[in-house]
Amino acid sequence: MRISLVLMALFGVVHFSNDFQVNAAKRPLRIAGNFEEIETCKNVKVFLQVKNVTYRREKNGITLVDALLPTSKNLKSLSKIEARVTDCADGVSYNTCQYVNTYRFTSGLCRLLTSDSMAWSGVVKAISPPVRCPVLAANYVMTNGSLNMAAVEQFAGPLFPKLLGRTVLAEVRGYDENRELFACILLKISFLRVRN
């Protein structure tokens, strides 16, 4: 249950301080959520693709993501976002991963999509042209996308350090105003300790 609450923070709640002090005698350390994989779900028809993904590890340990996001249909509004989350204790293998929950969001989704207090705000803000409802069919580009760890830390509170060394797998599905699948994205995010 505790890990479930921590993982819920990945899919958005509120905004907090970004630094996690591990030892006052040392430089501040933070836990960073790094995207290891981002891709379009296979074998489903979607209108938003994730293509040409590249990952760059910065000196501070954070991984930044670039990708092309061609969108082939206008999206007037989002009717539902679902995130199926699996937690892995130490990497991804059949005996270290367990299904956590499927989180469903159905209210105020266009506002939620662009909120600064959401875990995905570092990805959404990295997309150009800017993403907002309605989302027009276009060739979007993500440059330097990252996870908003402040939002994760805010929600997780004292459980935040338990993310260290864990990997989260998520299948995130977004549905249009007609409840038709619009996007399906697979994410693999690992959590590690980094220095400022």
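Let's start with the cysteines. Number the bonded ones of the protein chain in sequence order, and the pairing is 1-6, 2-3, 4-5. A disulfide here is a pair of cysteine sulfur atoms within 2.5 Å. The structure holds three of them.

Some ground rules. This is a predicted model, where local features need pLDDT of at least 70 and side-chain atom pairs count only at pLDDT 80 or more, while totals for chains, interfaces and linings use all residues. Residues are numbered from 1 along each chain as its sequence is written, and side-chain values use heavy atoms, with hydrogens and water left out.

Take Cys41 and Cys184. Their sulfur atoms sit 1.9 Å apart. Cys41 lies in the loop between strand S1 (29–40) and S2, and Cys184 in strand S9 (residues 181–195), so the pair ties together parts 143 residues apart in sequence. Strands are DSSP runs of E, at least two residues; helices are runs of H or I, at least four; both are numbered from the N terminus.

Buried or exposed? Buried means under 20% relative accessible area, exposed over 50%, partly exposed in between (1.4 Å probe, protein chains only). Cys41 is buried at 8%. Cys184 is buried too, at 0%.

Next, Cys88 and Cys97: S to S is 2.0 Å. This link is right-handed, with 110° about the S-S bond.

Then Cys110 and Cys133, also joined. Cys110 is in helix H2 (residues 109–113), Cys133 in the loop between S6 and S7.

That brings us to the sheet. Four strands form an open sheet, order S2-S3-S7-S6, with antiparallel pairing. Strands pair if DSSP finds at least two bridges between them. S3 and S7 pair over six bridges.
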